[in-house]
Amino acid sequence: MRRSVVVGTGSYLPARVVPNADLATFLDTTDGWIRERTGIGARRIAADDEVTSDLAAHAARRALDRAQLTPEDVDLLIVATVTPDSPMPACAVRVQKKLGITRAPAFDVSAACAGFLFGLTIADQFIRCGTARRAIVVGVELLSRIIDWTDRTTAVLFGDGAGAVVLEANESGDRGVEVVKIHTDGALADALAIPAGGSAEPLTAAGLAAQRNKVHMVGQEVFRAAIKGLGDVAEEVLAEAKITVKDVDAFVFHQANLRILDAVAERLHLDREKLVLVLEETGNTSSASIPIALDAALRSGRIRQGDRVLMAALGAGVSWGGALVRV
Ligand code: ACO
């Protein structure tokens, strides 16, 4: 059976580390509140001269190096992001140019924190259908540019970063993407959104002054949806694969809030030792969080080749998804 095998991963975090204490110098917050309510200790913030496609290209190059492939070997590039360099063209176009890929189709996927899993699903379909042989899927966000830095309820949560995987078609062996499941329910579309800057509310001077072009969130609604969505999709993936949590070597869930992950771990009765966590150092990097965590775990030896990894994410939309991959 033709499968999409992860042959390389890479990630990139901007150099500037911003600990919680730095935020407390200009926001009415404390390191204690942020740690206790979210599990976040610091986040990376991109330099002024860095743009989203820079972060993505760094991560993709590292993934290609790991796979011992060159950009010309790639015939599909998918970039999951809600923070493209500009509204048009797709961020993937800029990433493609920076990588030196010249003909492979390159496009963006917009599914917020679930974006990487949406991209993985699409790339897996291309590969299994034979339309592509090698694909790069990047999850990348430069969220610091779309955050209202005066709003303590959102500003403390997010960070910048990128992660990438290279997938390759393989007809033999038991490694590869085993199950992918993605879902969307638009009923909560307004719970986490950037209200202005599109056709519904073109950006005006008044909108700009009111920060309508920045992230607005009803945190508790998203919190509840995340616990339910992550738990549901993890169970759906396990059922489809006909395995139990005990058969999974590592859980790489979207890193939004430690309390969300604790609740999901409790619901699934999973061994907390198997949870891969990077949240404390990165904050919530949205679509980048799963590939960043996966790359860190593979490079540290925490996840080894042949391990079965269950991934799950939920974000704005709400959109959510899960995947089971033997890496
Ligand atoms: N520092 C200090 N106090 C704060 C802060 C802060 N940074 N933020 C909010 N508070 C205050 C609130 O104003 C409120 O004060 P009040 O009681 O006087 O009104 C109090 O803390 C409690 O606020 P809650 O909103 O009830 O706090 P909660 O425990 O729900 O945590 C949080 C808020 C962290 C946003 C949580 O709801 C959450 O994580 N939601 C998920 C949102 C998320 O992760 N979104 C990212 C994208 S989607 C995703 O990745 C899943």
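In this predicted model, Asp-232 forms a salt bridge with Arg-267, and the closest N and O atoms of the two are 2.6 Å apart. Because Asp-232 lies in helix 8 (residues 219–241) and Arg-267 in helix 9 (residues 258–268), the pair ties together parts that are 35 residues apart in sequence. Asp-232 counts as partly exposed at 27% relative accessibility, and Arg-267 is likewise partly exposed, with a relative accessible area of 31%.

Asp-262, at 30% relative accessibility, counts as partly exposed, and Arg-272 is partly exposed with a relative accessible area of 39%. The loop between helix 9 and helix 10 also holds His-269, which has a positive phi of about 55° although it is not a glycine. His-269 is exposed, its relative accessible area being 67%.

A search of the whole structure finds 16 salt bridges, and one of them joins the side chains of Glu-178 and Arg-308 at 2.7 Å, N to O. This pair links distant parts of the chain, since Glu-178 is in strand 8 (residues 176–184) and Arg-308 in strand 12 (residues 308–315), 130 residues apart.

The domain assignment of the protein gives domain 1 (3–173) and domain 2 (177–326), and the C-alpha centres of domain 1 and domain 2 lie 14 Å apart. Their contact takes 53 residues from domain 1 and 45 residues from domain 2. The area buried between domain 1 and domain 2 is about 3800 Å², with carbon and sulfur atoms giving 63% of it. Of the area that domain 1 buries against domain 2, Cys-113, Leu-117 and Phe-118 supply 17%, more than any other three residues.

What polar and charged pairings cross this interface of domain 1 and domain 2? The rule finds 1 salt bridge across the interface, together with 20 residue pairs in polar contact, both residues of each pair being at pLDDT 80 or more. The elements that each supply at least two residues of the side of domain 1 that touches domain 2 include strand 1 (3–12), helix 2 (31–38), helix 3 (52–67), helix 5 and strand 7 (160–170). A salt bridge is also formed by the side chains of Arg-35 and Glu-280, at 2.9 Å, N to O.

The nonpolar side of the picture can be read in the same way. In soluble globular proteins, nonpolar side chains tend to be buried together. The largest nonpolar core has 37 residues, of which Leu-120, Leu-167, Val-252, Ile-303 and Met-311 touch the most other members. Helix 5 (residues 115–129) gives the largest share of this core, 6 residues. Because domain 1 (3–173) and domain 2 (177–326) both give residues to this core, it lies between them. Not counting residues up to four places away in sequence, Ile-303 touches Ala-250, Val-252, Val-276, Leu-294, Ala-297, Leu-298, Val-309 and Val-327. A second, separate core of 28 residues includes Phe-251, Ala-256, Leu-268 and Val-318.

Val-318 also brings us to the backbone, for a cis peptide bond with omega of about -5° joins Gly-317 and Val-318. Val-318 lies in the loop between strand 12 and strand 13 (319–326). Another cis peptide bond joins Met-88 and Pro-89, with omega of about 0°, and the place of Pro-89 is in the loop between strand 4 (76–80) and helix 4 (91–99). Finally, Gln-211, although not a glycine, has a positive phi of about 60°; Gln-211 is found in the loop between helix 7 (205–209) and strand 10 (216–217), and is partly exposed, with a relative accessible area of 21%.

Key
Residues are numbered from 1 along each chain as its sequence is written. This is a predicted model: local features need pLDDT of at least 70, side-chain atom pairs count only at pLDDT 80 or more; totals for chains, interfaces and linings use all residues. Side-chain values use heavy atoms; hydrogens and water are left out. A nonpolar core is a set of buried Ala, Val, Leu, Ile, Met, Phe, Trp, Tyr and Cys residues joined through side-chain atoms within 4.5 Å. Buried means under 20% relative accessible area, exposed over 50%, partly exposed in between (1.4 Å probe, protein chains only). Helices (H or I, at least four residues) and strands (E, at least two) are DSSP runs, numbered from the N terminus. Domain bounds come from an automatic or database domain assignment. Contact means heavy atoms within 4.5 Å. Buried area is the accessible area (1.4 Å probe) that two parts lose on being put together, summed over both. A salt bridge is a side-chain nitrogen of Lys or Arg within 4 Å of a carboxyl oxygen of Asp or Glu. A polar contact is a pair of N or O atoms within 3.5 Å; within protein, one must be able to donate a hydrogen and the other to accept it, and residues adjacent in sequence count only if both atoms are side-chain atoms.
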